[in-house]
Amino acid sequence: PPRSTLFPYTTLFRSMGNVEGIEPVGAFRDVSGLLESGVLDRTDVLMAEGETWATSTLEDTVVQIEALRARHPEVPVLMFARFADVAGAAMSAGAVGYVSKAESFDVMVDAVRRVAAGEQNVFGPLGPQGNGDTLARE
């Protein structure tokens, strides 16, 4: 099963531990703890959530994803975001895809499985780019 690591560890991701076929190997509250842990060596997909206390600005999102990709370019990052500009920033920083937080849990799980299988450019529907524009829902 795909081995997933969650960053940051929020309510959205807590249920991933109960999904058949996805094995959570770590959950972290900050990038430094994640990078120091060594868990990314055992991770098939890094699930990152935007618009949280840990990634409160676009700059935070970009800096954190770039830091993760610089140290572990082999680990794909899948961004879960509510706003189009956050998803766009994540993609420009090296994420392989994004899913709207408005999507169903099943759509989120499917995206994790697709990325773990090696699929690139896994996208949820994206609303208009721009500060504060929300991601569309299928």
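Which residues of the largest nonpolar core touch the most other members? Of its 20 residues, these are Leu34, Leu40, Leu46, Ile65, Leu68, Val77 and Met79. A nonpolar core is here a set of buried Ala, Val, Leu, Ile, Met, Phe, Trp, Tyr and Cys residues joined through side-chain atoms within 4.5 Å. Buried means under 20% relative accessible area, exposed means over 50%, and partly exposed lies in between (1.4 Å probe, protein chains only). The model is a predicted one, in which local features need pLDDT of at least 70 and side-chain atom pairs count only at pLDDT 80 or more, while totals for chains, interfaces and linings use all residues. Residues are numbered from 1 along each chain as its sequence is written, and side-chain values use heavy atoms, with hydrogens and water left out.

The protein chain holds 5 helices and 6 strands, where helices (H or I, at least four residues) and strands (E, at least two) are DSSP runs numbered from the N terminus. The order of these elements from the N terminus is β-α-β-α-β-α-β-α-β-α-β. Of the 138 residues, 48% count as buried. The chain exposes about 6300 Å², and carbon and sulfur atoms supply 49% of that area; accessible areas come from the Shrake-Rupley method with a 1.4 Å probe, and for residues only the protein chains shown count as cover.

In soluble globular proteins, nonpolar side chains tend to be buried together. The largest nonpolar core has 20 residues, and the elements giving two or more residues to this core are H2, strand E3 (45-49), H3, strand E4 (77-81) and H4. A second, separate core of 16 residues includes Val45, Met47, Met108 and Ala111.

Helix H3 deserves a look of its own. Its 14 residues (58-71) should span 20 Å at 1.5 Å a residue, and the end C-alpha atoms are 20 Å apart, which agrees; the expected span is 1.5 Å times one less than the number of residues. Thr61, Gln64, Ile65 and Leu68 are the buried residues of H3. They cover an arc of only 95 degrees around the axis, so they lie on the same side of H3, the arc being that of the directions from the helix axis to the C-beta atoms. On the face turned away from this buried side are the exposed residues Glu59, Val63, Ala70 and Arg71. Val31, in helix H2 (residues 31-37), is buried at 11% relative accessibility; Val31 and Gln64 are 33 residues apart in sequence and 6.5 Å apart in space, C-alpha to C-alpha.

Charged pairs complete the picture. The count comes to 3 salt bridges, each a side-chain nitrogen of Lys or Arg within 4 Å of a carboxyl oxygen of Asp or Glu. Lys101 and Glu49 meet in one of them (2.9 Å, N to O). This pair links distant parts of the chain, 52 residues apart: Lys101 is in the loop between strand E5 (97-100) and helix H5 (105-116), and Glu49 is in strand E3. Lys101 is buried at 15% relative accessibility, and Glu49 is buried at 7%. Asp110, Arg114 and Glu119 are linked in a network of salt bridges. Arg114 pairs with Asp110, their closest N and O atoms being 3.6 Å apart, and Arg114 also meets Glu119 (2.9 Å, N to O).
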